[in-house]
Amino acid sequence: MTKDEIIIRLKENTNKVISLIESLPEEELNIAPDGKWSPLKQLEHLLRSIQPLNKALRIPLPGLRILFGKPNRSSRSYDEIIAKYLAKLKEGGKA
């Protein structure tokens, strides 16, 4: 997946989450079901995690290599990452 594809996918998914939260009745925005985060807490978490990623995506590849080194495996597609994440959740991992 290219940097531009990642940016497009992040924007699409962010807009989907925002639309979902905007569709909720106001009284449900702060309801946190049994040990889970409320919709607003989920949104806050997503926005906080996207900010550093946005900064990283603006750094040219040589700069990223200086900061983090060369990857030890080939890149994965977005769908492969999601599949691995969901598999880990099924194995008992927590988001």
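I begin with the surface: Ile82, Tyr85, Leu86 and Leu89 make a nonpolar patch of about 320 Å². Such patches join residues with over 30% relative accessible area and no salt bridge, nonpolar side chains (Val, Leu, Ile, Met, Phe, Trp, Tyr) being linked within 5 Å and like charges within 9 Å. A salt bridge here is a side-chain nitrogen of Lys or Arg within 4 Å of a carboxyl oxygen of Asp or Glu. Areas follow the Shrake-Rupley method with a 1.4 Å probe, and for residues only the protein chains shown count as cover.

The model is predicted: local features need pLDDT of at least 70, side-chain atom pairs 80 or more, while totals for chains, interfaces and linings use all residues. Residues are numbered from 1 along each chain as its sequence is written, and side-chain values use heavy atoms, without hydrogens or water.

Ile82 lies in helix H4, residues 78-90; helices are DSSP runs of H or I with at least four residues, strands runs of E with at least two, numbered from the N terminus. Ile82 counts as partly exposed because its relative accessibility is 33%, between the limits for buried (under 20%) and exposed (over 50%).

The 13 residues of H4 reach 19 Å from first to last C-alpha, close to the expected 18 Å, which is 1.5 Å times one less than the number of residues. After H4 comes Gly92, with a positive phi near 110°.

Turning to the whole chain, there are four helices and zero strands. Of its 95 residues, 7% are buried. The C-alpha trace spans about 50 × 30 × 20 Å along its principal axes.

Definitions and conventions: Buried means under 20% relative accessible area, exposed over 50%, partly exposed in between (1.4 Å probe, protein chains only).
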